[in-house]
Amino acid sequence: MAVPIARLPAVNAQVWMLTFVTTLLFHRGVGDVSVSGVPTTEEGPHRRFEYKYSFKGPHLSQPDGSIPFWIHSGNAIPSADQVRITPSLRSQRGSVWTKNKINFENWEAEVTFRVSGRGRMGADGLAVWFTTEQGLDGPVYGAADQWNGVGVFFDSFDNDGKKNNPAILVVGNNGKLVYDHQNDGSTQALGTCLRDFRNKPYPIRAKITYYRKTLTVMINNGFTPDKEDYEFCTKVENMIIPSEGFFGISAATGGLADDHDVLSFLLFRLSEPGQQPPPVESEIPKEEKDKYQEEFQNFQQELDKKKEEFQKEHPDVQGEPIEDLYESASDREIRQVFEGQNRIHLEIKQVNRNLAMILDEQRRYVTIVSDELAKKGTNAVSGQDPATQQLSSIVATQQEVVRILNEMRNSFHESLKQLGSVQHQGNAVGMGTYETIQHFNDIKEHLHTVKRDVEHLVQRNAQQNRSVKCPELPPLPSCLSTVHFVIFVVIQTVLFFCYVMYKSQQEAAAKKFF
């Protein structure tokens with residue numbers, strides 16, 4: 001069907017208008033989705049580690065007790081692998097602060113710490129700060145009150161008695177507010193979560209991120225060794241904090257006390273995608289750069305001199321790879337296996353000596369009993385004398401004990417031979433092979449069998465000792481009975497009186513002649 005030429009402009013105008021409206025609606029719909037939906041391909045911030053505002057072990061502190069780029073005050077005690085902010089003593093305060101100010105717009109801090117104590121409850125707690133001034137000492141977890149900045153508090157003592165501690169709080173301050181100790185800061189907290197961070201098997205890790213005016217706190221509860229096992233704690237949006245300030249960590253104790261140990265503090269500068277941070281060289285002044293370069297060259301020269309002196313003193317070590325001088329992880333595992341094997345070998349030797357002593361005693365006892373039976377005539381029939389029957393059963397039992405002990409001794413000798421063969425194979429091969437593991441399993445089963453045999457032997461001896469007793473010897477005949485003794489005493493008494501009367505009569509008769 002032909003379209004009149006006069007109507008062509010009107011049709012074109014309608015098509016153009018329909019196309020414009022459709023395009024406008026499509027762009028509007030896409031804009032709504034991009035605003036209201038969750039972006040799936042949004043690029044995260046760039047992270048750059050800042051060593052001047054961080055510390056971690058080993059070699060955390062200098063020989064003079066100082067921490068590079070940090071200052072400590074109060075009762076803080078730096079060591080090689082951690083900083084003990086406060087010891088587990090009453091009324092202690094301590095803190096560590098960066099020496100230089102930070103002027104990052106966005107940052108992320110990772111703090112690794114441990115809070116441990118003997119009691120069921122602890123006090124007072126630990127705090128991570130970002131403030132415009134260094135709060136070296138004060139009543140708020142060992143730092144100054146009325147700070148200008150933000151503090152993340154790990155409160156372990158329940159001051160208000162609401163049973164909502166231990167807890168983690170985010171408290172901001174503009175330099176004018178006084179911290180509410182009586183209510184544990186709950187009236188001033190911008191965000192909080194309940195987490196028990198005391199006496200955990202692994203150190204607690206806190207990741208504090210300030211990015212695009214949003215402060216996020218993530219916590220690793222210390223139940224697993226996984227360093228990246230973080231869970232969400234709290235988030236504070238539309239939070240404005242100073243762009244320049246000092247980072248710090250403080251802690252305090254009261255009537256109760258805990259050890260507050262900080263193992264590491266790592267700071268990262270965050271920059272938005274497309275805004276790369278300035279190079280590190282531009283941030284270091286030329287004087288400091290020249291000083292560091294000179295120190296590095298001096299250290300390199302001293303290191304080269306030490307290498308030359310070592311090579312002169314140890315010419316036999318030249319040409320060997322440096323890794324061979326140290327013990328690898330596999331070598332350490334093999335060494336631990338052989339050390340445990342040697343301990344088992346020594347224990348089996350000791351048990352073998354003890355069994356030999358028991359065997360000798362049993363043999364001696366059997367010999368004595370056998371001699372007694374030989375003296376009394378062991379050729380009699382079994383029903384002739386009950387005492388002889390008991391002695392015969394004792395002898396049989398002891399002979400069985402001797403036989404079992406001999407078998408145990410032979411089994412121990414076999415175990416020792418197996419251990420010797422395993423040691424020879426381990427020293428020759430130098431690796432934990434399948435045969436070595438199989439030998440260990442055989443030795444373990446053999447030892448369990450020996451243990452059961454010994455327990456059975458002890459129980460059997462105890463039962464036999466309760467049921468079978470040695471016959472009692474008959475009472476020895478008395479040479480003088482009681483009746484004979486009384487008659488003898490009476491006769492002696494009568495003879496004595498007769499003698500006394502005879503002497504008195506003789507004396508009376510002799511007096512008549514005078």
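Reader: Which salt bridge joins Asp261 and Arg84, I mean, what is its N to O distance?

Author: In this predicted model, the side chains of Asp261 and Arg84 meet in a salt bridge at 2.7 Å, N to O. Asp261 belongs to strand β16 and Arg84 to strand β5, so the pair ties together parts that are 177 residues apart in sequence.

Reader: Is Asp261 buried or exposed?

Author: Asp261 counts as buried, because its relative accessibility is 3% and buried means under 20%. Arg84 is partly exposed, with a relative accessible area of 26%.

Reader: What does Asp259 form with Arg84?

Author: A salt bridge, with the closest N and O atoms 3.9 Å apart. That pair also links distant parts of the chain: Asp259 sits in strand β16 (residues 259-271) and Arg84 in strand β5, 175 residues apart. Asp259 is buried, at 14% relative accessible area.

Reader: Nice. How many salt bridges does the structure hold?

Author: There are 12 salt bridges in the structure. One of them is between Arg48 and Glu50, where the closest N and O atoms are 3.2 Å apart. Both Arg48 and Glu50 are buried.

Reader: Which residues are linked in a network of salt bridges?

Author: Arg47, Glu108 and Glu110 are linked that way.

Reader: Switching topic: where is Gln92?

Author: Gln92 is in the loop between β5 (83-86) and β6 (93-98). It is buried, with a relative accessible area of 14%.

Reader: And what does the side chain of Gln92 lie 3.2 Å from, in a polar contact?

Author: The side chain of Asn75 is the partner there. A polar atom of the Gln92 side chain also lies 3.3 Å from the backbone oxygen of Arg90.

Reader: Okay, what about the surface? Which residues form a negative surface patch?

Author: Asp304, Glu308, Glu309 and Glu313 form that patch. Of these, Glu308 is in helix α3 (residues 286-313), and at 48% relative accessibility Glu308 counts as partly exposed.

Reader: Why does Glu308 count as partly exposed?

Author: Because its relative accessibility is 48%, and partly exposed covers the range between under 20% for buried and over 50% for exposed.

Reader: Last one: where is His72, and how far in space is His72 from Lys99?

Author: His72 is in strand β3 (residues 70-74) and counts as partly exposed at 33% relative accessibility. His72 and Lys99 are 9.8 Å apart in space, C-alpha to C-alpha, and 27 residues apart in sequence.

Conventions: Residues are numbered from 1 along each chain as its sequence is written. This is a predicted model: local features need pLDDT of at least 70, side-chain atom pairs count only at pLDDT 80 or more; totals for chains, interfaces and linings use all residues. Side-chain values use heavy atoms; hydrogens and water are left out. Patches are made of residues with over 30% relative accessible area and no salt bridge: like charges are joined within 9 Å, nonpolar side chains (Val, Leu, Ile, Met, Phe, Trp, Tyr) within 5 Å. Accessible areas come from the Shrake-Rupley method with a 1.4 Å probe; for residues, only the protein chains shown count as cover. A salt bridge is a side-chain nitrogen of Lys or Arg within 4 Å of a carboxyl oxygen of Asp or Glu. Lys and Arg count as positive and Asp and Glu as negative; His and the chain ends are not counted. The place of a charge is taken as NZ of Lys, CZ of Arg, CG of Asp or CD of Glu. Helices (H or I, at least four residues) and strands (E, at least two) are DSSP runs, numbered from the N terminus. Buried means under 20% relative accessible area, exposed over 50%, partly exposed in between (1.4 Å probe, protein chains only). A polar contact is a pair of N or O atoms within 3.5 Å; within protein, one must be able to donate a hydrogen and the other to accept it, and residues adjacent in sequence count only if both atoms are side-chain atoms.
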